[in-house]
Amino acid sequence: MTVLRFPQTAIQPPPVEVDVRIARHRTADALDWQQAIIAEARRYPGGSPALIRWLRETGLLAQCSYFSTDSDGGPLRFRYIGRPALDTLGEAWGRMMLGRPENEDPHDIFAAAISRQYAEAIEGGEAVYNEISVTGIGQPFSFTHALIGFQAGTRRAVLSAVKMHDVAGPRSHRPVETASNAA
């Protein structure tokens with residue numbers, strides 16, 4: 001009988017380079033339902049539970065993720081993670097991240113790129129609309145998001161309304177779709 005010996009160290013897969021590309025677009029180019037969220041959010045400049053209630057009532061909350069600081073400030077924390085993020089990054093990732101600071105995401109390059117967009121939406125006081133393509137985290141994926149930032153004293157928050165593209169990988173920007181096929 002032949003005895004096979006295996007090396008004691010595990011074989012490491014080759015490193016994967018993460019590439020995040022962000023293209024800014026006009027908020028007027030956002031999907032109809034993203035524009036509706038932006039318009040409703042403008043009614044609540046400091047943010048409000050009424051906005052979340054409206055998102056629930058309209059069925060749009062599932063398309064969004066929500067981040068906010070603790071009452072005394074600090075980092076943005078995952079407070080609500082919508083279906084697009086969970087479907088792309090996984091339920092286990094979502095359970096792990098809920099309540100944690102957004103900058104502790106294990107997808108560090110992706111998190112850093114998105115974090116800069118969150119800060120811009122909060123500090124600029126205007127909604128931000130981007131198309132983002134990502135490679136190196138699982139299968140390539142791309143999406144658009146409308147980011148609405150809020151700030152009241154030391155408390156900051158951002159609402160991200162996300163539309164994943166139906167085919168993985170980078171693509172050119174698509175014009176506004178109708179509400180029937182946007183969600």
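## Aromatic cluster and buried residues in a predicted model

Tyr118 is buried, at a relative accessible area of 8%. Buried denotes under 20% relative accessible area, exposed over 50%, and partly exposed the range in between (1.4 Å probe, protein chains only). The model is predicted: local features need pLDDT of at least 70 and side-chain atom pairs pLDDT 80 or more, whereas totals for chains, interfaces and linings use all residues. Residues are numbered from 1 along each chain as its sequence is written, and side-chain values use heavy atoms, without hydrogens or water.

The chain contains six helices and six strands, arranged along the sequence as β-α-α-β-β-α-α-α-β-β-β-α. These elements are DSSP runs numbered from the N terminus (helices: H or I, at least four residues; strands: E, at least two). Of the 183 residues, 42% are buried. Among contacts (heavy atoms within 4.5 Å) between residues at least 6 apart in sequence, 55% join residues at least 24 apart.

Six aromatic pairs are found in the whole structure. Rings of Phe, Tyr and Trp (its six-membered ring) pair when their centres lie within 6.5 Å; planes under 30 degrees apart are stacked, over 60 edge-to-face, and the rest tilted. The ring centres of Phe67 and Tyr118 are 4.7 Å apart with planes at 40°, so this pair is tilted. Because Phe67 belongs to strand S2 (residues 64-70) and Tyr118 to helix H5 (residues 108-124), the pair ties together parts 51 residues apart in sequence. Phe78 and Trp93 have ring centres 5.6 Å apart and planes at 90°, and are therefore edge-to-face. This pair also links distant parts of the chain, 15 residues apart: strand S3 (residues 73-80) and helix H4 (residues 91-97). Phe67, Phe78, Trp93 and Tyr118 form one aromatic cluster.

| Buried residue | Relative accessible area |
|---|---|
| Phe67 | 2% |
| Phe78 | 5% |
| Trp93 | 7% |
| Tyr118 | 8% |

His165 lies in the loop between strand S6 (155-164) and helix H6 (179-182). His165 is buried, at 13% relative accessible area, and its side chain makes a polar contact of 3.2 Å with the side chain of Glu131. A polar contact is a pair of N or O atoms within 3.5 Å; within protein, one must be able to donate a hydrogen and the other to accept it, and residues adjacent in sequence count only if both atoms are side-chain atoms.

In helix H1 (residues 32-42), the buried residues are Trp33, Gln34, Ile37, Ile38, Glu40 and Ala41. They cover an arc of only 165° around the axis, which places them on the same side of H1; the arc is that of the directions from the helix axis to the C-beta atoms.
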